[in-house]
Amino acid sequence: MTAQLAAQSVTQLAAYSTSTGEAFQFWVLGTVAVIGALCTVFMRKAVHSALCLAGTMIVLAVFYLANGAYFLGIVQVVVYTGAIMMLFLFVVMLVGVTAADSLKETIKGQRWLALVCGLGFGVLLFAGIGNASLKEFNGLGQANANGNVEGLAALIFTKYVFAFEITGALLITAAVGAMVLTHRERTERAKTQRELAEERVREGKHLPPLPAPGVYARHNAVDVAGLLPDGTPSELSVSRTLRERGQIRDVSPEALSDLRALEQRAEERLERTGDTPANRKRAEEASK
């Protein structure tokens, strides 16, 4: 009897006490989770916010695993971080959300509505924390008596079935909204290849293939315009991307003459200083 009472007291003491490792883990990972949550809200780019949210979800999964909720921890990584967050990233990439789009308020009053909803959620959160039992703990043994999966299923489909169904409806609504936003309805019939060719002929556009780029310094250079029969460079022989970036090399007679003048000045300067290829060769032979 005395041994049973001692064992019960030890179990109760372990339920109410926190070890050094648990405290260290909580404060380190909790800080990372809070920083990730704040970065999710305050990051300017939507992709960075989604990545911060993924990090916060991974930290929550570690918390679940540390508290004995192994099934919930694995689901947190596989379903939420691995599937839903990837869905968020694909939606961001497909829709093309930028910082400029986020500053434009398309629905009047949505910021105030979001603020009110946030305050309401905060009140519910603090009320739930305030009503939590801080005096008596059932412990992980009683929660996982029949297995972690069975205990979680009993809570989801009995006590929290309403919240579970609402969450499922929100996820389905988000998926449908993503498909609606990324869908682009075609307003006119797609033109055939023959129609496109006839349109180019009528508008007088360039019909044959584009000319190849020029040849410079013993190698084909895509940033050098090819020369026409009259000697003028062809703008069609270089990529439009390089043209927009200003990365086309100028090989006109004026540019080549400037380059030859620069090389001449460099050779004259080397001759004055005595550092010419012939002098270097003589020095090497003398050293040998």
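Trainee: Let's start with Arg-202: buried or exposed?
Mentor: Arg-202 is exposed, with a relative accessible area of 65%. Here buried means under 20% relative accessible area, exposed over 50%, and partly exposed in between, using a 1.4 Å probe and protein chains only. Keep in mind that this is a predicted model: local features need pLDDT of at least 70, side-chain atom pairs count only at pLDDT 80 or more, and totals for chains, interfaces and linings use all residues. Residues are numbered from 1 along each chain as its sequence is written, and side-chain values use heavy atoms, with hydrogens and water left out.

Trainee: Which residue does Arg-202 form a salt bridge with?
Mentor: Arg-202 forms one with Glu-198, and their closest N and O atoms are 3.5 Å apart. A salt bridge here is a side-chain nitrogen of Lys or Arg within 4 Å of a carboxyl oxygen of Asp or Glu. The two residues are four apart in helix H10, so about one helical turn separates them. Helices are DSSP runs of H or I with at least four residues, numbered from the N terminus.

Trainee: And which residues are joined into one network?
Mentor: Arg-194, Glu-198 and Arg-202, through salt bridges that share partners. The Glu-198 to Arg-194 bridge is 3.2 Å, N to O. Glu-198 is partly exposed at 30% relative accessibility, while Arg-194 is exposed at 65%.

Trainee: How many salt bridges are there?
Mentor: The count comes to four. One of them pairs Glu-195 with Arg-189, with the closest N and O atoms 3.0 Å apart.

Trainee: Switching topic: how many aromatic pairs turn up?
Mentor: A search of the whole structure finds three. Among them, Phe-26 and Trp-27 are edge-to-face, 5.3 Å centre to centre with 75° between the planes. Rings of Phe, Tyr and Trp (its six-membered ring) pair if their centres lie within 6.5 Å; planes under 30 degrees apart are stacked, over 60 edge-to-face, and the rest tilted.

Trainee: Are those two residues buried or exposed?
Mentor: Phe-26 is partly exposed at 47% relative accessible area, and Trp-27 is exposed at 61%.

Trainee: Which residues do ring pairs link into a cluster?
Mentor: Phe-26, Trp-27 and Phe-63.

Trainee: Last one: which helix gives the most to the nonpolar patch?
Mentor: Helix H4, residues 70-95, with six residues. Val-77 lies in that helix and is partly exposed, at 37% relative accessibility.
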